[in-house]
Amino acid sequence: MPDSTPNQPADDLASAIGRQTNTRWSALLGEQATWVFLAAVVAAVALSLATDTFASPQNIFNVSRNFAFVGIVALGMTVVIISGGIDLSVGSVVCLGAMVQAICMNAGYGFYSSAVAALTASALVGFLNGALIACLRIPSFVVTLGTLSIARSAAMVLSDNRMIFEFGPDQALLFNLGGGSTYGIAHPVIALVTLGLMTSLMLRWTPWGTHVFAIGANERAAVLTGVKVPALKISVYVFSSMIAGLTGILEAGWLGGVTTNLGQSMELTVIAATVIGGANLLGGSGTIFGAIVGAALIEIIRNSLILLGISTFWQGAFVGFFIVLAVAVDRLRALRELNL
Amino acid sequence: MTVLRLEGIAKRFGAIEALKGVSLAVSRGEVIGLMGDNGAGKSTLVKIIAGNFRPTSGQIFLKEQEVVFHGPLDARRHGIEIVYQDLALCDNLTAAANVFLGRELTRRIGPFRINDYPAMNRRAGDLFRELKSETRPKDLVRSMSGGQRQAVAIARTRLSNADIVLMDEPTAAISVRQVAEVLNLIRLLRDQGVAVILISHRMPDVFGVADRVAVLRRGNVVADKPVAKTSPEEVTGLITGAIEHA
């Protein structure tokens, strides 16, 4: 870390205490998210120049809406990863949330009461995750791998593995929320920005946020200083699941139908977005901005390959390359800092 | 004035008798060195004072009032603070955030409670000044020296104006220069009337800063005397068992 204040031996203690080593700018440049954001901007500019289709309003609209779903789920995932865990069940919870919403609306219930049911079902999965991880100390990877299976199975049982495409009296409202737009901005994008700001503020400005960072860095320290770690962990997983459930509702509205393979292997894309955005899988660091930028970059890569006429079989290779590249650049930077 | 008195504290873990009736008293502004070999019962005793364990039998008195601790938060409410061996700091948080971890200052904005960073930074800065440590509240703990980390951990104990501070091996893993810094911090605490219980393996530290030394062996207090009336040789003998009792 470069010290922005010259070290003078005569430094008066009071003024020394009053200073700060990390300035705002050095902190910003030290963020992986900043570099990934620049990479995304460069990619977008290059594509706008290379193709006449990328910068078209319709394509921008599609790209932003497509990454919004992954981005929203990544908000919850970021919080989980900062806390030192992982949530593999999000893809299945997206499906479960969408399915409960669809079944309730299909049965003639209104949008809002159905949404309450869908979010409750999602929250239950999150509670189960959190309780098993916090109280029985089962690794989050194992617990959420279990609920990944359970939640999708529950969606299949509830729907009898049927596709649901009739949503009762409030169908128009659901379709508008998921598939509509306001002032040319797709509703899922508005949801992403709103929820992103909310999550960001919660992480930065509440004791809850401080504690999430604390348990990710040193869980024992948090316990010893009196942070109520089990309740905190449960809240983290409930948050992640409810965000996933909400995404399910929006996706149901966008797709106009819900099948039991909705959100299949979405957790991997979400984790990729979060990691590209600078979240450390060991816990203790990560940003909301990074997660959103990571999700955007993945979608831009996907979209650009299509526009450039490259076979979609290459998508996985490019996304995988960027996951490793983003983390490798960050590691190299950290190593250089250690040597200084 | 006696701030902490233990009477016949015993602790069993199944068949193992970790403490066999320990009695100990600590006064205001006194530094007591608690010594003993691995497995002598030091950490069990510390955990009982800190409220992590309930004793199997025996009583704890704070200012001559009997107390029973239901967990570490309860002990903290009664004015007992612990500085852990690894300091229990979060590297990714600022010094001020670490000082206030678990008891953040907040202010209300409408229905929300948000962190009051200016107040926390100001208060943490005051504490560092009191401890004469050049530690900046807004700096991340990750980039701090061993001495500054100690100051952060000790500032935490000053936040609540604790009567009793337990320090678990504070000098075990730091450089010589930093040891001197930590011993100075302990003297500062003592001068402010805090009773310090210093758990240590290091003879020079205990003899350098403590007023009294208590030696634990196999769950018993085998010596409890002023530092001036003993010597490192005697204490070593007491720890190993070469000297039965003193």
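Chain B of this predicted model contains 8 helices and 12 strands, where helices (H or I, at least four residues) and strands (E, at least two) are DSSP runs numbered from the N terminus.

Residues are numbered from 1 along each chain as its sequence is written, while chains are lettered from A and ligands numbered from 1 in the order in which they are written. Local features need pLDDT of at least 70, side-chain atom pairs count only at pLDDT 80 or more, and totals for chains, interfaces and linings use all residues, with side-chain values based on heavy atoms and with hydrogens and water left out.

**Chain B as a whole**

- The C-alpha trace of chain B spans about 65 × 40 × 35 Å along its principal axes.
- Buried residues (under 20% relative accessible area, against over 50% for exposed and in between for partly exposed; 1.4 Å probe, protein chains only) make up 54% of the 246 residues of chain B.
- Of the contacts (heavy atoms within 4.5 Å) in chain B between residues at least 6 apart in sequence, 64% join residues at least 24 apart.

**Interface of chains A and B**

- Chain B contributes 31 residues to the contact, and chain A contributes 29 residues.
- About 2,700 Å² is buried between the two chains, with carbon and sulfur atoms giving 56% of this area; buried area is the accessible area (1.4 Å probe) that two parts lose on being put together, summed over both.
- B:Asn92, B:Tyr117 and B:Arg136 supply 21% of the area that chain B buries against chain A, more than any other three residues.

**Helix 10 of chain A**

- Helix 10, residues 207-217 of chain A, is mostly covered, with 10 of its 11 residues buried.
- Among them are A:Trp208, A:His211, A:Phe213 and A:Ile215.

**Positive phi angles**

- Most residues other than glycine have a negative phi.
- A:Asn161, although not a glycine, has a positive phi of about 60°; A:Asn161 lies in the loop between helix 7 (140-159) and helix 8 (171-179) of chain A and is partly exposed, with a relative accessible area of 47%.
- B:Ala88, also not a glycine, has a positive phi of about 50°; B:Ala88 is placed in the loop between strand 6 (80-83) and helix 3 (95-99) of chain B and is buried, with a relative accessible area of 1%.
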